[in-house]
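Subject: Structure for you to look at

Hello,

Here is the structure I promised. Please open it and keep it beside you while you read my notes.

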Amino acid sequence: SSCERSNPSGIPYVPVNYQLTVSNPEFAPLLAVGGWLYIGGGSRGIIVYRATPDQFNAFDRHCTFQVDDNCRVAVDNTDITAHDEECCDSKFLLVDGAPIDGPANLGLHQYNTSFDGNVLTVFN
């Protein structure tokens, strides 16, 4: 219907409005540039990645190749790429969500972020 939201990758729209305090010990991996962690929400969960001191990226873990297969990506041991080892072997860069290997040709679905120096908000 005209009221449904969608995106080119076919990842289902799920409302996201998540706030986290970066200084909270639970979110310690986000204190350093290049740090990342998983949070709940989105279609298959969300990867939050600290790209710079002031910029965070948030990507849905739902792989963009064969969307109906319920596959999801996980951050691999490089800490800079996410990999769908379960289904298609696609890899994506965490700096921008772009596909870099495998059959996926669409980047990971990205959520908006805002950061006030202490509280990070992930939203759509």
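Tyr49 stands opposite Asn57 in β4. Start there, with the pair of strands around it. Strand β3 (residues 46–50) pairs with strand β4 (residues 56–60) over five bridges, in the antiparallel sense. Two strands count as paired if DSSP finds at least two bridges between them. Strands themselves are DSSP runs of E with at least two residues, numbered from the N terminus.

A word on the source. This is a predicted model, in which local features need pLDDT of at least 70, side-chain atom pairs count only at pLDDT 80 or more, and totals for chains, interfaces and linings use all residues. Residues are numbered from 1 along each chain as its sequence is written, and side-chain values use heavy atoms, with hydrogens and water left out.

Now move on from β4. Two bridges join β4 to strand β9 (residues 110–115), and the two run antiparallel. Here Ala58 has Tyr111 in β9 as its bridge partner.

Next comes β10. Strand β10 (residues 119–123) pairs with β9 over four bridges, again in the antiparallel sense. Asn112 has Phe123 in β10 as its bridge partner. The hairpin of β9 and β10 has three residues between the strands. In this hairpin, Gly117 takes a positive phi near 100°.

Which order do the six strands take? The open sheet runs β1-β10-β9-β4-β3-β2, with antiparallel pairing. β1 (17–21) and β2 (36–39) stand at the edges. Each has a single partner strand, so one side of each is left without a neighbour in the sheet. The twist averages 25° from one strand to the next. Such angles lie between axes, which are lines fitted to C-alpha atoms, and run from 0 to 180 degrees between N-to-C directions. As background, strands of a sheet pair through backbone hydrogen bonds, either parallel or antiparallel.

Last, two loop residues. Gln66 has phi near 50°, a positive value in a residue other than glycine. Gln66 sits in the loop between β4 and β5 (74–75). Is Gln66 exposed or partly exposed? Gln66 counts as partly exposed because its relative accessibility is 43%. The cut-offs are these: buried is under 20% relative accessible area, exposed is over 50%, and partly exposed is in between (1.4 Å probe, protein chains only).

Asp79 has a positive phi near 65°, and is also a residue other than glycine. Its place is in the loop between β5 and β6 (81–83). Asp79 is partly exposed, at 34% relative accessible area.

Best wishes
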